[in-house]
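Please look over the chain shown here before reading the numbered points that follow.

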Amino acid sequence: MQRIVGLIVVLAAVIGGFMIAGGNPAMLWQPAEFVVIFGAAIGALIIGNSKYVLKDMLQQIKAQFVAQPDQAQLYKELLLLMYQLLETIRSKGFRELEDHVENPETSSIFISYPAVLANPDLLMFVCDNLRLISMTKSSPHDLDATLEQEIIHIEDQHLKPSHSLHTIAEAMPGFGILAAVGGIIITMQHLDGPLTSIGYHVAAALVGTFIGIFGCYCLFEPLSTAMESYVKKKIAVLECVRAMLVAHMKGHVAVIATDCGRKLINEEIKPSFTEMENWINNKAA
């Protein structure tokens, strides 16, 4: 909703200001200019990116305009889940969790945490690294380094769409100039016509530059920034899990290991230690 409101404000300010200055908004509707500029932008994206990146880009763009899961609820469920998993490992051993980790969608533990189940990247990260811990006797330092490299790789993969869109945003003024030059060529073909016709074609050509600049600074650049922020939020959840797993490997009890993850939560939604402890006690009760 916030993105839609922002887009409405941008359109109202730009077109409204144009009309206040005496411009005719109908003049901004130049289908040929839109085809040249946005067609070139889409074509450049297709040329420069793999199918995986394009698919991820569409998913991330869609995510900007639909309601997002409650981050506070996600972190609450994650803290409770990790406490339960780590406490089970401490008291009963990993074998008790083997079936749960192998089939989290049908697990009696994981099914109690729908927000985590609805986040495939997070779910895979938790299950894969619990398996890793069960199969190896690596030191906490080695595990920390392994998880850091994995998170960096995941972040790099998911940031490719926003970086590609940023590159296209920077190119939009150039695409606008391309459309404007095409419009000027058309204008030169009508130099023997009436003055009003020449003026119309020059104005139509300049609309191309207008659209290119508008697309860069009012659409694609803010959208790429929003997509990057979206990815950073997803990565922050993985960093939280990393801290808890490393603390567990250092020998901390489950509640202290869980608190290590709590400390990395963004301040605006981070619960206090007492709140987290109350959640755990209520869950146990």
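How are helix 10 and helix 11 oriented to each other?

1. This is a predicted model, in which local features need pLDDT of at least 70, side-chain atom pairs count only at pLDDT 80 or more, and totals for chains, interfaces and linings use all residues. Residues are numbered from 1 along each chain as its sequence is written, and side-chain values use heavy atoms, with hydrogens and water left out.

2. Helix 10 (residues 254-262) and helix 11 (residues 273-284) pack at an angle of about 130°, and their axes lie 11 Å apart; axes are lines fitted to C-alpha atoms, for helices over the stretch in contact, and angles run from 0 to 180 degrees between N-to-C directions. The two helices are therefore oblique to each other, since angles under 35 degrees count as roughly parallel, over 145 as roughly antiparallel, 65 to 115 as roughly perpendicular and the rest as oblique.

3. On the side of helix 10, V255, T258, D259 and R262 meet F273, M276 and I280 in helix 11, where contact means heavy atoms within 4.5 Å.

4. The secondary structure of the chain comes to 11 helices and 0 strands, both being DSSP runs numbered from the N terminus (helices H or I, at least four residues; strands E, at least two).

5. The C-alpha atoms of the chain fill a box of roughly 90 × 35 × 30 Å, taken along the principal axes, and buried residues (under 20% relative accessible area, with a 1.4 Å probe and protein chains only) make up 37% of the 285 residues. Of the contacts with a separation of 6 or more, 75% come from residues 24 or more positions apart.

Note on methods
Buried < 20%, exposed > 50% of the residue type's maximum accessible area, 1.4 Å probe, protein only.
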